[in-house]
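Keep the structure in view as you read.

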Amino acid sequence: MDIVFIEGLEIDTVIGAYEWERGIRQCLRVDLQMAWDIREPACKDELARALDYAAVSQRIQAFGAGASFVLVETFAERLAQMLQDEFGMPWLRLKVSKPGAVAAAIAVGVEIERGCR
């Protein structure tokens, strides 16, 4: 299976366990790898048969805009499920980073894999 990826997608959302975080929007960064067989779309040069990473990116941003979670883990789990349901990808690896959450770190977050490759 081939991999289609999106790297460093910035999402504004409500995320965090502290009261002050619940009243603001914060930036999350998403890195996403998605299993997809690209042979047929590449052979026919047809976007309609490809996994449209622009559409996936827009959907992730819309998901984040409407989300409000305490945990980055919940954000990642729900996002992964939504992506597989809506786009039909058999496998994905999703990394969600929260920059600046820990002063001494560039970012913290989670990385999950779902489905079969």
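The protein chain exposes about 6,900 Å², and carbon and sulfur atoms supply 52% of that area. Bear in mind that you're looking at a predicted model. Along its principal axes, the C-alpha trace spans about 50 × 25 × 20 Å. Of the 117 residues in the chain, 36% are buried.

Now for the layout. The chain has four helices and five strands. If you follow them from the N terminus, the order is β-α-β-α-α-β-α-β-β. What about contacts between residues at least 6 apart in sequence? Of these, 60% join residues at least 24 apart.

On to the charges. Side chains of opposite charge can pair when their charged atoms come close. Here, a search of the whole structure turns up 10 salt bridges.

One of them is between the side chains of Glu10 and Arg29, at 3.1 Å from N to O. Glu10 sits in strand S1 (residues 2-15) and Arg29 in strand S2 (residues 26-36), so this pair ties together parts of the chain that are 19 residues apart in sequence. Both ends are partly exposed: Glu10 has a relative accessible area of 44%, and Arg29 has 33%.

Another salt bridge brings together the side chains of Glu21 and Lys98, with 2.6 Å from N to O. This pair links distant parts of the chain, with Glu21 in helix H1 (residues 19-22) and Lys98 in strand S4 (residues 91-99), 77 residues apart. Are these two residues buried or exposed? Glu21 is at 5% relative accessibility, so it counts as buried, the limit being under 20%. Lys98 is buried too, with 8%.

Last stop: Glu46 and Arg49. These two form a salt bridge in which the closest N and O atoms are 3.4 Å apart. Glu46 is partly exposed at 32% relative accessible area, and Arg49 is partly exposed at 39%.

Note on methods:
Residues are numbered from 1 along each chain as its sequence is written. This is a predicted model: local features need pLDDT of at least 70, side-chain atom pairs count only at pLDDT 80 or more; totals for chains, interfaces and linings use all residues. Side-chain values use heavy atoms; hydrogens and water are left out. Helices (H or I, at least four residues) and strands (E, at least two) are DSSP runs, numbered from the N terminus. Buried means under 20% relative accessible area, exposed over 50%, partly exposed in between (1.4 Å probe, protein chains only). Contact means heavy atoms within 4.5 Å. Accessible areas come from the Shrake-Rupley method with a 1.4 Å probe; for residues, only the protein chains shown count as cover. A salt bridge is a side-chain nitrogen of Lys or Arg within 4 Å of a carboxyl oxygen of Asp or Glu.
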